[in-house]
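Please read the points below alongside the sequence and the coordinates.

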Amino acid sequence: AVSASKIVYFNVHGTLFQNKNTNKPVQNLRVSDAKNLLTHYNMKIHPKGFALVDLDGNSPQQQVLRTPGSMETLIKVGYSMVALEKGVKRAHILAPENGALVQELYTRDGCGTLISRDLYEGIRRADVNDVSGIYDLIDPLVRAGTLVPRPKSKLEREITGYYVYTRDGLIVATGQLKRFEGGFAEIGCLVVSKDYRKGGRGDAMLGYLERLSLQCGARKVFVLSTQTMDWFIERGFREVSVE
C-alpha cells in the first residue's frame, strides 16, 4: 500500500484531455471513466509499470496510440490507476509548464487532469457544519428576491433535508428535498455558486434529488418557482397551477 495522498505525473509532450463537444480541458476523471478509457484503447498496465498495447492494426484506436503524446498520456492514466489501487487518493496529470504544479495543487480548479478515488467533487447530505456555507451561498439570491429568506436558525432546524455539492471542501451548490404524504416530494432552494454555473452542477444536483425522491417512494416531484421556472421546464417539469 502507498500512504501518499497525491501523485503527480508530467506529460513530456504536454498532451492533456479535451472535451470534444466544448473544446474545454477535462479537469476531472472518475475512476470508472479512466478504466473505460484504457479499455477502449485496449491498454493494460502491469503492476510493475510497463504498458501492454496492441499496435498491430490500423483501427482508429491504434492510430491514436501511435501518436507519442496520446500514448504517453494514456500510459500516465494507467500509472495513475495502479497508484490509486495501491492507496493513493488522487493522481494528477500535468503539462510541463511554468507554474503548473503550483496551480494544480493550490487552486481548486487546477490546470491539469485529476483522477480521484475519493469524494473530491460530489454530493452529500448536509450537516450542521454546513449551515454557514449554505447561508452564504443563498444569501445573494435572497437579497435579490429570487429566494425566500432562510435564516441560519431555520437552516439548522431543517438541515437534514439539505444536500450540498462540494468542490475541495467548498460548497458550490445546494438543494433541499422535502417529502410529503401521498407520494409527493418537493425540490427547493436549488442554488449554484455564480463561479460554478457552467459546469453542469445544477443539473447534477437536480438529477440527484430526483433519483433520491424516487428511492424514497415519491411518485410526483414538484418545485415552487416563479423566476426560474423556465430552467425547470427545460429539464422536463411541467407548469401547473397551485390548486
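Two strands count as paired if DSSP finds at least two bridges between them. Strands (E, at least two residues) and helices (H or I, at least four residues) are DSSP runs, numbered from the N terminus. The model is predicted, with local features requiring pLDDT of at least 70 and side-chain atom pairs counted only at pLDDT 80 or more, while totals for chains, interfaces and linings use all residues. Residues are numbered from 1 along each chain as its sequence is written, and side-chain values use heavy atoms, with hydrogens and water left out.

- In β10, A173 has V192 as its bridge partner.
- The pairing of β9 with β10 is antiparallel and comprises 7 bridges.
- The hairpin of β9 and β10 has 3 residues between the strands, and G182 there adopts a positive phi near 85 degrees.
- Strand β8 (residues 162-167) is also antiparallel to β9, to which 6 bridges join it.
- Y163 has G175 of β9 opposite it.
- With 2 residues between the strands, the hairpin of β8 and β9 has D168 at a positive phi near 55 degrees.

**Second largest pocket**
- A pocket is here an open set of points on a 1 Å grid over the protein atoms alone, where a 1.4 Å probe fits, with protein on both sides within 12 Å along at least five of seven lines; lining residues have an atom within 4 Å of a point.
- The volume of the second largest pocket is about 690 Å³, a volume being the space filled by probe spheres set on the points, which are joined across faces, edges and corners.
- The lining comprises 27 residues, of which L147, L190, S225, T228 and F232 are the closest to the pocket centre.
- Two or more lining residues come from each of β9 (170-180), β10 (184-192), α7 (201-215) and α8 (229-233).
- The greatest contribution is that of β10, with 7 residues.
- By class, the lining has 12 nonpolar, 9 polar and 6 charged residues, where Ala, Val, Leu, Ile, Met, Phe, Trp, Tyr, Cys and Pro count as nonpolar, Asp, Glu, Lys and Arg as charged, and the others, Gly among them, as polar.

**G202 in helix α7**
- G202 belongs to helix α7 and is buried at a relative accessible area of 11%; buried means under 20%, exposed over 50% and partly exposed in between (1.4 Å probe, protein chains only).
- Apart from neighbours within four places in sequence, G202 contacts L190, V192 and W231, contact meaning heavy atoms within 4.5 Å.
- The C-alpha atoms of G202 and A173 are 7.2 Å apart, although 29 residues separate the two in sequence.

- Between β1 and β5 (residues 90-94), 5 bridges form in the parallel sense, and Y9 stands opposite I93 in β5.

**I115 in strand β6**
- I115 is part of strand β6 and is buried, its relative accessible area being 0%.
- Not counting residues up to four places away in sequence, I115 touches several residues, including L29, A34, V77, M81 and I93.
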